[in-house]
Amino acid sequence: MLPILDASSPVLQAMYRRIDNDPDGACLSDDSTRLSNAEFGLEVDSVAAELVDAGVGAGDVVAVLLPNRIDIITTMFAAWVLGATLTPVNPALTDDEVRYQLEDSTARVLVGSERACTLGRAQGISFIDVDSRDRRPRAPQIDGTHRGTGPVDSSAPALIVYTSGTTGRPKGCVLTHRNVDRMSAAIVTACELTDADTSLLVLPLFHCNGLVVGSVAPLRAGGRVHIAPRFSPDTFWDNVETVRPTYFSAVPTMYSLLADRGSTDRDISSLRFVICGAAPMPAGLIASFESIFGVPVVEGYGLSECTVAATINPPNGIRKPGTVGIALPGVEIAIDTSDGPSTMPGRTGEVLVSGETVMQGYLGLPDVTAKTIREGWLHTGDIGVLDEDGYLVLVDRLKDMIIRGGENIAPSEIEHVLQSHPDVLEVAVVGEAHPVYG
């Protein structure tokens with residue numbers, strides 16, 4: 001087995017401990033493949049050997065272009081074993097968009113299926129076809145020259161996750177090994193994850209939520225991960241009954257679709273909580289879902305720039321629907337005011353995030369990074385307010401604010417009202433130019 005990276009990578013240490021302590025224990029699965037801890041380790045070794053054959057070494061970037069499947073997670077860990085960085089590519093992107101990410105990230109190799117081979121060949125970079133590879137584990141012959149001669153710096157990049165803004169090309173958020181370590185540890189602590197937990201992964205693995213909350217955190221805790229097929233409200237509870245997960249993470253639209261279909265006769269008693277993120281979930285929808293299915297909804301908030309999460313409504317603490325919870329362990333939340341960052345309740349302003357989960361920066365964009373991270377605070381672009389208990393309420397996006405006759409109007413406030421109507425599934429409010437009111 002490949003020697004693990006030095007003590008600066010607690011995530012890899014945790015993975016190798018579980019392999020040593022419980023080699024036959026369940027680790028990772030999807031509808032066609034099941035890997036024990038030992039089999040996961042062998043698969044990671046095998047992928048690492050292929051990456052080395054493709055010329056990957058410490059400091060290189062490995063791109064992966066695949067729909068949700070086990071290969072994304074094994075490739076991520078294989079890259080980390082080699083001291084390389086993973087950049088996951090959204091398979092829904094056009095060829096031009098994929099080429100941009102490959103060029104911007106300076107990817108050394110592209111892992112995927114037939115499409116990846118075609119794009120890799122056209123870009124002149126190495127490619128690995130996971131559908132045609134020999135899946136029998138190989139004993140990799142890797143010496144120190146491929147992995148670096150010393151400990152991997154915890155500030156070295158682990159992930160480059162691309163996020164789209166309102167203008168311009170997507171930006172690559174550079175997330176370090178320290179970022180991933182602190183975020184996964186915070187999720188384990190806040191959600192009290194143990195080796196008894198199973199994550200049902202339904203969110204895409206080209207985003208931090210699926211990679212860190214849905215995968216790294218439960219694996220680090222000693223639990224297992226099952227990768228579900230594409231989300232469908234018609235078959236979702238069938239998966240829950242079969243897999244017996246203790247939690248899953250989803251977005252508000254998914255919960256709305258499930259609630260619209262009403263109760264289920266499937267056995268979903270294994271669930272101890274579910275997580276909602278990516279967008280604010282109306283308090284009425286939370287109440288409806290919980291009353292129908294009897295499962296607590298834990299709403300959180302974050303963004304790729306802080307390794308996915310910054311706050312959470314504690315699963316076993318006080319949950320306040322309509323808020324996105326309190327700061328995760330090791331994370332500080334403040335509101336930007338004219339007097340500087342404030343934690344005083346009732347003050348509305350841009351939400352600021354600080355802590356060791358904040359990204360290293362945007363790849364190749366020092367000026368944009370400097371505008372986004374100032375004096376140790378990540379400026380999120382979201383407007384929020386803290387209540388007297390430190391729970392964060394999101395008001396709107398800074399750039400979404402409608403100014404009518406000098407008055408600030410938050411579209412989300414109107415959206416929440418419209419969303420409360422039973423015939424409304426989704427809603428968006430936008431401003432229309434007016435010659436008098438602006």
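Here are legends for a few close-up views of this predicted model.

**View 1. Helix α3 in the largest nonpolar core.** This core takes in 84 residues, and Leu 51, Phe 77 and Trp 80 have the most contacts inside it. Helix α3, residues 70-81, supplies nine residues, the largest share of the core. As a bit of background, nonpolar side chains in soluble globular proteins tend to be buried together.

**View 2. Phe 77 and its contacts.** Setting aside neighbours within four places in sequence, Phe 77 is in contact with Val 11, Leu 12, Met 15, Phe 40, Val 44 and Leu 219.

**View 3. Helices α1 and α3 crossing.** The axis of α1 (residues 10-21) and that of α3 come within 11 Å and cross at roughly 115 degrees, so the two helices are roughly perpendicular to each other. The crossing of α1 past α3 is left-handed. On the α1 side, Val 11, Leu 12, Met 15 and Tyr 16 make the contact, while α3 brings Phe 77, Trp 80 and Val 81.

**View 4. Cysteines without a disulfide.** Search the whole structure and you'll find zero disulfides. Cys 208 is buried, at 2% relative accessibility. Cys 306 is in no disulfide either, as its nearest cysteine sulfur, in Cys 208, is 8.6 Å away. Cys 306 is buried too, with a relative accessible area of 0%.

Notes. Residues numbered from 1 in each chain as written. Predicted model: local features only at pLDDT ≥ 70, side-chain atom pairs only at ≥ 80, totals over all residues. Heavy atoms only, no water. Disulfide = S-S within 2.5 Å. Buried < 20%, exposed > 50% of the residue type's maximum accessible area, 1.4 Å probe, protein only. Core = buried A, V, L, I, M, F, W, Y, C linked by side-chain atoms within 4.5 Å. Helix = DSSP H or I, 4+ residues; strand = E, 2+ residues; numbered from the N terminus. Contact = heavy atoms within 4.5 Å. Axes fitted to C-alpha atoms, helices over the stretch in contact; angles between N-to-C directions. Parallel < 35°, antiparallel > 145°, perpendicular 65-115°, else oblique. Left-handed = near helix turned anticlockwise from the far one by under 90°.
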